[in-house]
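Here is a short report on one protein model. Please read it with the structure open.

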Amino acid sequence: MYKNSKHTILFPLLLATGIVLGVMLGQLVGRNRAESQIRNIVNRSNLQLNNKIMQTCMLVEHQFVDSISIDSLSELVIPLMMKELDPHSVYIPAREMQQVNEPLEGEFDGIGVMFNAATDTVIVLSVIPNGPSAKAGIVAGDRIIEVNDTLVAGVKMPQNDIVKRLRGKRGTEVKLSLKRQGVDELVDINVVRDAIPIKSIESAFMISSNIGFVRLSQFARTSYIELMQALATLRSQGMTK
C-alpha cells in the first residue's frame, strides 16, 4: 500500500515538471522564430501599440532584406506627413536649415552678388558695394562661365547648385571665370568670401518737410536695430510723422 501511494505521488510531480520544462523549452525555441523576433524588436523600441509609423520603420530597418537606416526612412516619411497638414507646414532637413535661417540672422557667407540664371547663363545683376566681389573687380553685366574651373553656363545647372558653388565659409577663396563685354578672352578673378549683410530696411527718407518714409522688407534679428537707426536719422532731418 505504501509503494503504490509513493508512485501515485511521484508520477504527477514528474509529469508537471515535464510540462513546465516543455513550455520553457518551447518558449526558448520560439524566440528564434520570426514572430518572436518582431515582437522583441517592437518591445525594445518602447513604442505604443498604436504607433504604426514608428513600428513600421523599425520593422523595415531590422527585417528588410537589404540594410537601411531609420534616419533615411524618416527623411522620406516626414515630408509626406507635412504635406497632408496645410500649405504652411513644411519639413526642413538639417542640411538646408542654415540656408533657411540666413535671412533671419541678417547675414550669410558668400561673394556678394545678385545674379540671374534664367537664360542658362549666370548674369551678374548687381554687386554689393564694398563686398568681396566689388573688391575683386566684378561688375554688373559680367557673365559667370566657370566656378573653380567647373562649367556653369550652358549646362542647365540648377540655380541652387550654382549658389552652393559660390557660397562658402568666410575667408575661403573661389575662382570665377567671367565673360566681360568688350573682352574676347575669359577674365579670371579670385574672390575671398566674406560675411554678406542682409538688410531689413531697404530705404528710409523724407517725403515732405515733416513726414518720413521707411520701407521694411523683411523681419530678421537685426530688424529692430536697423529701424531704430533709420528713425533716429529721419528725426534729425525734422521728421515728426
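## Report on the model

F219 sits in the loop between β10 (212-216) and α8 (223-236). Helices (H or I, at least four residues) and strands (E, at least two) are DSSP runs, numbered from the N terminus. F219 is exposed, with a relative accessible area of 65%. Here buried means under 20% relative accessible area, exposed over 50%, and partly exposed in between (1.4 Å probe, protein chains only). The C-alpha atoms of F219 and S200 are 6.3 Å apart, although 19 residues separate the two along the chain.

The model is predicted: local features need pLDDT of at least 70, side-chain atom pairs count only at pLDDT 80 or more, and totals for chains, interfaces and linings use all residues. Residues are numbered from 1 along each chain as its sequence is written, and side-chain values use heavy atoms, with hydrogens and water left out.

**Overall**

The protein has eight helices and ten strands. Of its 241 residues, 24% are buried. Its accessible surface comes to about 17200 Å², and 58% of that belongs to carbon and sulfur atoms. Accessible areas come from the Shrake-Rupley method with a 1.4 Å probe; for residues, only the protein chains shown count as cover. Contact means heavy atoms within 4.5 Å. Among contacts between residues at least 6 apart in sequence, 47% join residues at least 24 apart.

**Helix α7**

Which residues of α7 are buried? They are I162, V163 and L166. These residues lie on the same side of α7, because they cover an arc of only 100° around the axis. The arc is that of the directions from the helix axis to the C-beta atoms. The buried residues of α7 pack against β2, β3 (122-127), β4 (143-147) and β6 (173-179). The face turned away from the buried side carries the exposed residues N160 and K164.

V152 lies in the loop between β5 (150-151) and α7. V152 counts as buried, at 1% relative accessibility. Beyond its neighbours within four places in sequence, V152 is in contact with D120, V122, I144, I145, E146, V147, M157, I162 and R165. I162, one of these contacts, is also one of the buried residues of α7.

Strand β3 holds V127. Not counting residues up to four places away in sequence, V127 touches G112, V113, S133, A134, I138, V139 and A140.

Two C-alpha pairs from these regions are set out below.

| Pair | Apart in sequence | C-alpha to C-alpha |
|---|---|---|
| V152 and I162 | ten residues | 7.1 Å |
| V127 and V139 | twelve residues | 6.4 Å |

Most residues other than glycine have a negative phi. N148 is not a glycine, yet has a positive phi of about 55°. N148 is found in the loop between β4 and β5. At 42% relative accessibility, N148 counts as partly exposed. D149 is in the loop between β4 and β5 too. Phi of D149 is near 65°, again positive in a residue other than glycine. D149 is exposed, with a relative accessible area of 54%.

**The second largest pocket**

On a 1 Å grid over the protein atoms alone, a pocket is an open set of points where a 1.4 Å probe fits, with protein on both sides within 12 Å along at least five of seven lines; lining residues have an atom within 4 Å of a point. The second largest pocket holds about 320 Å³ of space. That volume is the space filled by probe spheres set on the points, with grid points joined across faces, edges and corners.

The lining has 17 residues, of which F108, V113, M114, F115 and R167 lie nearest the centre of the pocket. β1 (107-110), β2 (113-116), α7 (159-166) and β8 (194-197) each give two or more residues to the lining. Which element gives the most? It is α7, with four residues.

The lining divides into eleven nonpolar residues, five polar and one charged. Ala, Val, Leu, Ile, Met, Phe, Trp, Tyr, Cys and Pro count as nonpolar, Asp, Glu, Lys and Arg as charged, and the others, Gly among them, as polar.
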